Each structure stands twice: as structure tokens, then as C-alpha cells.
Amino acid sequence: MTRRDAMIRRLQAIVPDEAILRRPEELKPYECDGLTAYRRVPWLVVLPEHESQLVRILKLCHDEKVPLVVRGAGTGLSGGALPLEEGLLVSLARFDRILELDPLGRTARVQPGVRNLAISGAARPHGLYYAPDPSSQIACSIGGNVAENAGGIHCLKYGLTVHNVIALRCLTMEGETVILGSAGLDGPGYDLLALVHGSEGLLAVVTEITVRLLPLPGCTRTLLAAFSTVAAAADAVAAVIEAGLIPAAMEMMDRPAIVAVEDYLQAGYPREAAALVICELDGPEAQVEAEAAAARRQFERHGAFRVQVAQDEAERQRFWQGRKSAFPAIGRITPDYYCMDGTIPRHRVAEVLAGIARLADKYGLRVANVFHAGDGNLHPLIMYDAAAGELEKVERLGREILELCVQVGGTITGEHGVGVEKLDSMCRQFGEGELRLFHAVKQAFDPRGLLNPGKAVPTLARCAELGGMHVHQGRLPHPELVRF
Amino acid sequence: MDLTEALQEQVSTSCRRGTSLRIVGGGSKAFYGRAVEGEVLALGEHRGVVAYQPSELVVTVRGGTPLAELEQVLAAEGQMLGFEPPHFCPATVGGAVAAGLSGPRRPFAGAVRDFVLGVRLLTGRGEVLSFGGQVMKNVAGFDLARVLAGSLGTLGVILEVSLKVLPKPPLEVTLRRRLPPQQALGAMAELMGRDLPLSGLAYDEPFLYLRLSGLPEVIEETAADLGAEYLPDNRFWLDLREQRLAFFTAGEESLWRLAWPPAAPNPDLPGRWLLDWGGAQRWLRTTAEPDAIFQAAAQAGGHATWFRGHGPADPVFQPLPPQLFKLHKALKEAFDPKRILNPGRMYEDL
Ligand SMILES: Cc1cc2nc3c(=O)[nH]c(=O)nc-3n(C[C@H](O)[C@H](O)[C@@H](O)COP(=O)(O)OP(=O)(O)OC[C@H]3O[C@@H](n4cnc5c(N)ncnc54)[C@H](O)[C@@H]3O)c2cc1C
Ligand SMILES: Cc1cc2nc3c(=O)[nH]c(=O)nc-3n(C[C@H](O)[C@H](O)[C@H](O)COP(=O)(O)OP(=O)(O)OC[C@H]3O[C@@H](n4cnc5c(N)ncnc54)[C@H](O)[C@@H]3O)c2cc1C
């Protein structure tokens, strides 16, 4: 009997047979997450339904030293849920219940497989909502959001997932239950709640999440401002913040993105603009009206040649439609695109976009930019043709862009995580000591290294091979990037 | 002044010898947490603002910088620390982050840890490491910067911290309304569920206190709507934060802090209550036994801290379940394998 057959046999004692996927056609859909460039058909997929089953699966794997990956909705963009060579893929898709909604305490306790948007849906009748809103919110799971510390367009004002979760129920690799956080606003001891956020499934399996709900804003105003240079747009964004405003969202698009969107759905964006800013304010009505006027003044003062305030909900939707369709719009004009994700200090936006354009030229590739200007989170979209064998070139360009982000004091990922995609770039951002401590922390939670091994934190050997060992916080000249 | 080298030297020496260190920021009272024996590691002179760009909403400061000094620098640009840390004269930024305590604005703006973007720290091995950064969104590597918030110096010495800052609201006013204690929680829950420009919500019998922040016209409209009495100034919140209200100063009973589900009733414990954070942080003056309080807190899904009135070796923080404590020990081991940094300050074996 093979090791795999033996595993199936033992799993059958834990979950019903149909919850164990083993035939190639059953396994195929799980071969990748949202980052399709990396694929591996899983060894086995299990779909438990109860926490007690999950505990037994973990204990079994722990005893047998079988590694495992947890999968939420599989929308991750860094290959975090990429299956392992000889390990289980555990899908939490069946943990999809909202367990409790407390309108008075303004919290919801949910299972990890619940979709992000479903939480706001359930809260709405009580005048409440869940603030973090990744663009994938119709599809992604809240468990995946915790594991990636997902963000969205509302981050600047409402924070990331970590700011909106008050408690987690988790299982360690040994199958032990721990509760992190509390039903109050903080927990006892170390802030392990924060640590598990963004840990990419390497530290614990999240089985219950208590999120904080906020009152629905009384009023929302959306502005669209067009600029003839990227620098002017960037200055205007900074000016809005300096004026003391914290918009609910502040998004920016450059010309290639604007043109692609206009060709796709005629959102009414000015094609001649070099950059567009969409700025949304929310809160009590009188406050929002005053802030919208103040934002408008800043945009005009910084040279916007057109500023529009959405007059009604339909117009507001139209403003957003373009931004939200940017990815498919780009998808239409290129066979493939690769979405990068890095964050930079806001005041260096213009300089970094110029740098990206220069790098793109060097590689002979086109790049469009749509991004969260309010918090400096860039998403350069590199257009290419995989069939023409351009992927490797794209990856090189991508790494150079991230290196540029680190050089200006930013980071290699603002919201998509490291996964398998950015292991090399981690060697650029962190030095040996930092990486060693990451490994020690991993070891503290999972001494046998069985939970999603090989993701998120590169081995020191890998960094040494890249010659990145002594690089720290961007103090790096420019050694040619080699990949083995 | 940048004392990184000297501090590193002292930690490395202690690490070699296996002798413990007591990290002192402002050199202020050791009333919070458990007592630590050890040579003093003084952060007070390691101070100064390293970087500050108001339009980025980020400031980077050395750990020993006095909170008051930082707040002045920010105020000059119309900005503030959103978590409103409690501070008494000599308090330092590193101490405030390590203590992890937040003021009345917490449920509306966020806690200390929510504003920590990055740290440069000294581990118990004497290594200088950096985590996080100066940008709002950063998910590269484990979030070890936030973990330092509230770790009471048991994981690492905060050499530098980057904090997100917020614009100061144009206007703040304080209102109060007389309310019987039985109605306080209901009234707070109702207010918290509405989109109001609230920045403080507390109940100190017999009054419900509200702080509103924002534009004058908005505040006026909201205040009229709430039908409460204006107070002449905002001193109440400062006195609450710094524990100068009669509730804190009168009487001999121990002071407890309970982190609590905001709408849940008080546990059946003797004593006097003061409710802050819209009910999520409750202060209790009581003679009840610690065990009874810890147990009540655990039952409600919250946790308790024996804030004042304990002896040096008493349990101050909510006892942790064994599985959770195991993780704490393992984490301590990762940061400070020889247990030289503030040993026992938080929990006996940590
Ligand atoms: C309601 C309330 C009342 C308070 N009353 C007082 C009071 O009367 N007096 C008072 O002094 N404080 C008081 N505090 C606490 C104080 O406001 C905070 O703890 C704080 O800012 C202490 O700063 P400090 O520099 O004095 O820290 P310290 O008291 O020196 O240290 C606090 C903790 O942080 C650690 N620490 C300090 N600096 C660092 C660093 N750079 N890196 C790592 N760990 C570090 C210390 O070892 C210690 O565990 C009160 C807090 C609250 C909530
Ligand atoms: C079109 C599109 C737009 C996107 N926009 C955004 C955006 O705006 N902001 C943003 O932040 N992200 C965005 N993403 C990325 C992705 O949606 C998020 O990272 C999301 O949080 C992933 O959730 P998931 O349920 O799909 O997780 P998966 O892809 O299934 O898993 C992601 C990682 O989380 C781990 N994991 C999942 N569930 C658990 C659990 N219960 N316990 C422990 N670990 C677990 C997995 O092991 C894996 O490492 C986008 C993706 C797409 C495809």
C-alpha cells in the first residue's frame, strides 16, 4: 500500500469518503490559487465540515509528519495555497456559517469559509457592516483574509483585517485549540492575534473569527479629479491628507489604465488625463459635505483640469465602475498580465511611477498602474504574452519594481502576501537576523514545520544563493538578479 | 541621542552572563505589571524624532523619547497620536508601546498596536533587527512589530518605533447626561451603533459622558440632537485617562481593569464601576478575591488586569490556558532565549 493510500484509509476514519478528493479530475481545480503561474496538482484534498474533524486531521498529520496547506477560497495572489508535494490540501469551504451576529455588541462570529461580502450582507439589516473590502470580496473567505491580513480600498480610514478582528479561535499543528484576543477590544498576554494576521497559514489554522462591525456611514461623497501629470496628482493626494482629511478611499490610475478602461466600458474618464484620482469621503452628512468641498479645493489648487462630484448614486457607481474594471480592462488588451503589489511612502509616488516606466522600457514590456494612492499601495500590471515565453522576463521586471519599492523606504507586499511568489524579494527586504527570527517564530508555533512549509519566509540558504544575505532595508546597490 | 551601540553592548553582556535586565523608559513607577529584579537598562537618553513627514501620517522616534515631546512635535503640524496613551510626566514612547495601554479614543480610532507600523528592536541576544516599516500597508514577513505592543519589554527593547498619526480634529467638545446606572450600557450600545462623530463614551455614575470631534457645524447639530449638557472643557477625558477622577483616587480598594464584551452586563462582583470605551473597558474598585475576578472575566470571554493594589509577586494579568501559555513561552524563547529581558514582568515564567 502506498503512503497515499494509507493516508486515505486513515482519513476515512475521520471524514466521510466523499470529503476526500483523490481522482485527478477532482484534484485539478485545486492545483493553484489566484496566481496561476504556479501550479501543482495536490496529493490529496480533504474537505472537513466540523472542527472536531479538523483537529483529528491535524493530529494525524502531526503524528505522521505529513505537511498540510489550508485553503480558503483560493483567491490568494501569491501562491499561498499552492499544494505541497506529498502533503494534504485541507479546504475550509464547508466552514461557511455565520455563527452569531450581535447587533448590540456590534460583532459577528463567523467560520473561516464565510465570504467577506456575506458578513456585510448579514449585518446590513442592523445598520452595520464589515469594513475591510478586498476587491475579491465576493469570492474570498474571511479565513483567507485573516491569513493574508487582506486590505482594500477602505484601508486608509478603516484599516486592514487585523484592525477589524477582535478574536480568533485557532488550532495549532498539534491540534490544540487556542483563543486569541477576547470579546473585549484586546486580549491578555502577547498580541498573538496580530501575529496570526498575515501569517499566511504558517502558524495556525483559523477556525472561528470574531469581527468588529461598524455603523453604516450616514453619507458618502465621491469625487473624480483629472490631472495632466502624475506628479500633480500625487501632490494633490498628499495635500488632501495634509489638509487633515482622511478619505474613506483615495485611488489613482495612470494613462495606460485610463485608456484601457475607457476602451472597455466608457466610464466617462477623460482620456487625455495623465492621472485620475477617485476620492471618497464618508460619515455624517454635514461633515462629508464640508470635507468634499475641502478635497475639491485641494485638487483644484494642485492643477486638476477637471473635478467632478458624483451627483447621485448612479454617477458614483460609474466613477467606481471604471476603477473596479481596470483589471479585466487590461486583461482585454493583453494575452496575460501580472499584478504586482508593493507599498511606498506616498510622497514618492511620482518618482516611483517614473522609475517603473523606465524599467518597463528596459524590458520592452508595458505596465499600467491602478492603485491605492491613499496608502501608497501600488499595483503595477505588467502586460505580456506567456505563450511567447515572456514570463521569466516579467518576473525579473517584477522583482526590480519591488526592489525599487524597498529602496524608497517601502515594502515588497502591501496586501497580497509573500506566498511562493516573493520569497526571493524577501531576501532583499530582510537581513539574516530578521529571517532567522521569523523561522524561530514559526518554530514556536509549529516545531515540526508541517503547516504550509516553504511559503512566506525564505530559507537562509535561498537568500545566500541570491547574494542577498547582507542586504538590509534597501541599502543595496544593484547586483544582477539571478534565479536558480 | 542615538545610544544603540551602548544599549546593544549592555544587552549582549547580560546575554553572555545570563543576568537579567530591567528596561526602564521614563524611569517611572513600576506599579503596572509584576516586579522585575535586574540591572537597569535605561532608555531615557536614547531619544529624538528620527523622521517625520506629516503628509505621510507617519512618525519614527527613538524609544526613550518622552511622549510629551512627541506630542508637541505632532501638535505643531496639527496631528496627534490616535490611541491617546496615558502618560504622566516622564513616560516615553517605547514605554507606552511596550505597556500597550490606550486612552478613551481607543474604540473610535484604534489601540496602540493598531498604530504601530514598524520597530527597530534589540532582542535578548543583543541583535538589532527591524520589522514592519514606515508605510501603512505591509504584509511582508510575520508582524513582529505589532507583537511588541503590550509585551512589556519581555520580547525586545524598542529602539525605534514608526507610528501612524492622525490629524487633530478641528473641534472637540464634551457633553454629559444624567442616567441611572441600569441604563448606561443600553444607552452606550445605542450610541455606538450610530454613525456619530464620537471620540469618547464613558459612564461615571451618575453621568454618561460623550466626546464629539469634528467640524463645528457637525458637532453642533449632533449635540442638539443628543440633548445633553455641554461641559466647559474636555478635562474629563484627561482626568479619566490619567486616572485622576474621584473614582480612581478615593478609597483603598484595588483597581481592576476588565476588557469586556461592550454590551454585556457587569459580573456579579462587589465594588464600584466606571465604564469606558463604550463599555468595552471597565474599571472596578473592589475587595473581591483575584480568582473570582479572573474567573468572571474568563466566563464573559473578556479578561482582567489587577491594575493597582497588588503585591510585587501577585498575578497581575489574566492567567492563560496552558496551550496558550505554551505559545507564549515558545515565543519568548525565540526572542530572548536566556530570559534576560524583564523576566517575570508579565507572567511568572515568562
Ligand atoms: C490609567 C493609567 C495610569 C497610569 N499611571 C501612571 C503613573 O502614575 N505613572 C507612570 O509612570 N505611568 C503610569 N501609567 C503607565 C504609563 O502611562 C505607561 O505605561 C507608559 O507610557 C510608561 O512609560 P515609561 O517610559 O514611564 O515606561 P516604564 O514605566 O519605564 O516602562 C513600562 C514598561 O515598558 C517597558 N519598556 C520601557 N521602555 C521600553 C522600550 N524602549 N522597549 C521595551 N520595553 C520598554 C518597561 O520595562 C516596562 O515593562 C499609567 C497608565 C494608565 C493606563
Ligand atoms: C481579482 C482579485 C482581487 C483581489 N483584490 C485584493 C485586494 O484588494 N486586497 C487584498 O488584500 N487581496 C486581494 N486579493 C487577494 C486575495 O483575495 C486575498 O489574499 C484573500 O484574503 C485570500 O482569501 P482566500 O480565502 O481566497 O484564501 P486562499 O487563497 O485560499 O488562501 C490564502 C492563504 O491563506 C491561508 N489560509 C486560508 N484560510 C486559512 C485559515 N482558515 N487558517 C489559516 N490559513 C488560512 C492559505 O493557506 C494561504 O496561505 C485579490 C484577489 C483577486 C483574485
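A residue is classed as buried at under 20% relative accessible area, as exposed at over 50%, and as partly exposed in between, with a 1.4 Å probe and protein chains only. By this scale G78(B), at 32% relative accessibility, counts as partly exposed. The model is predicted, so that local features need pLDDT of at least 70 and side-chain atom pairs count only at pLDDT 80 or more, while totals for chains, interfaces and linings use all residues. Residues are numbered from 1 along each chain as its sequence is written, chains are lettered from A and ligands numbered from 1 in the order in which they are written, and side-chain values use heavy atoms, with hydrogens and water left out.

The domains of chain A are described first. An automatic or database domain assignment supplies the domain bounds. Chain A is divided into domain 1 (3-91), domain 2 (98-215), domain 3 (219-323), domain 4 (334-416) and domain 5 (423-470). Between the C-alpha centres of domain 3 and domain 5 of chain A the distance is 40 Å.

Ligand 2 is surrounded by 33 residues, the closest being V70(A), G72(A), T75(A), S136(A) and S141(A); a residue is near a molecule or strand if one of its heavy atoms lies within 4 Å of it. Both domain 1 (3-91) and domain 2 (98-215) of chain A give residues to this shell, so ligand 2 lies between them. Helices (H or I, at least four residues) and strands (E, at least two) are DSSP runs, numbered from the N terminus. At least two residues of the shell are supplied by each of β3 (68-71), α5 (142-148) and β10 (205-212) of chain A, and α5(A) provides the largest share, five residues. In composition, the shell has 14 nonpolar, 15 polar and four charged residues. Here Ala, Val, Leu, Ile, Met, Phe, Trp, Tyr, Cys and Pro count as nonpolar, Asp, Glu, Lys and Arg as charged, and the others, Gly among them, as polar.

Polar contacts are pairs of N or O atoms within 3.5 Å; within protein, one atom must be able to donate a hydrogen and the other to accept it, and residues adjacent in sequence count only if both atoms are side-chain atoms. An oxygen atom of ligand 2 lies 3.2 Å from a polar backbone atom of G80(A), and an oxygen atom of the ligand is 2.9 Å from a polar backbone atom of S135(A). A nitrogen atom of ligand 2 is 2.9 Å from a backbone N or O atom of G151(A). Of the 980 Å² of accessible area that ligand 2 has on its own, the protein covers 92%. Accessible areas come from the Shrake-Rupley method with a 1.4 Å probe, and for residues only the protein chains shown count as cover.

Individual residues of chain A were then examined. T207(A), in strand β10 of chain A, counts as buried at 3% relative accessibility. The side chain of T207(A) is joined to that of E51(A) by a polar contact of 3.0 Å. P48(A), placed in the loop between β2 (44-46) and α3 (51-64) of chain A, is buried at 0% relative accessibility. P48(A) and F95(A) are 47 residues apart in sequence, with their C-alpha atoms 8.2 Å apart in space. N452(A) occupies the loop between α16 (432-445) and α17 (460-465) of chain A. Although not a glycine, N452(A) has a positive phi of about 50°, and at 2% relative accessibility N452(A) is buried.

In chain B, a positive phi of about 50° is also found for L152(B), which is not a glycine. L152(B) is located in the loop between α6 (144-148) and β8 (156-164) of chain B and is buried, with a relative accessible area of 8%. The peptide bond from E205(B) to P206(B) is cis, with omega near 5°, and P206(B) lies in the loop between β11 (198-204) and β12 (207-214) of chain B.

Helix α7 (residues 181-192) of chain B has 12 residues and should span 16 Å at 1.5 Å a residue, in agreement with the 17 Å between its end C-alpha atoms; the expected span is 1.5 Å times one less than the number of residues. The buried residues of α7(B) include A184(B), L185(B) and M192(B). Q299(B), in helix α11 (residues 290-299) of chain B, is exposed, with a relative accessible area of 69%.
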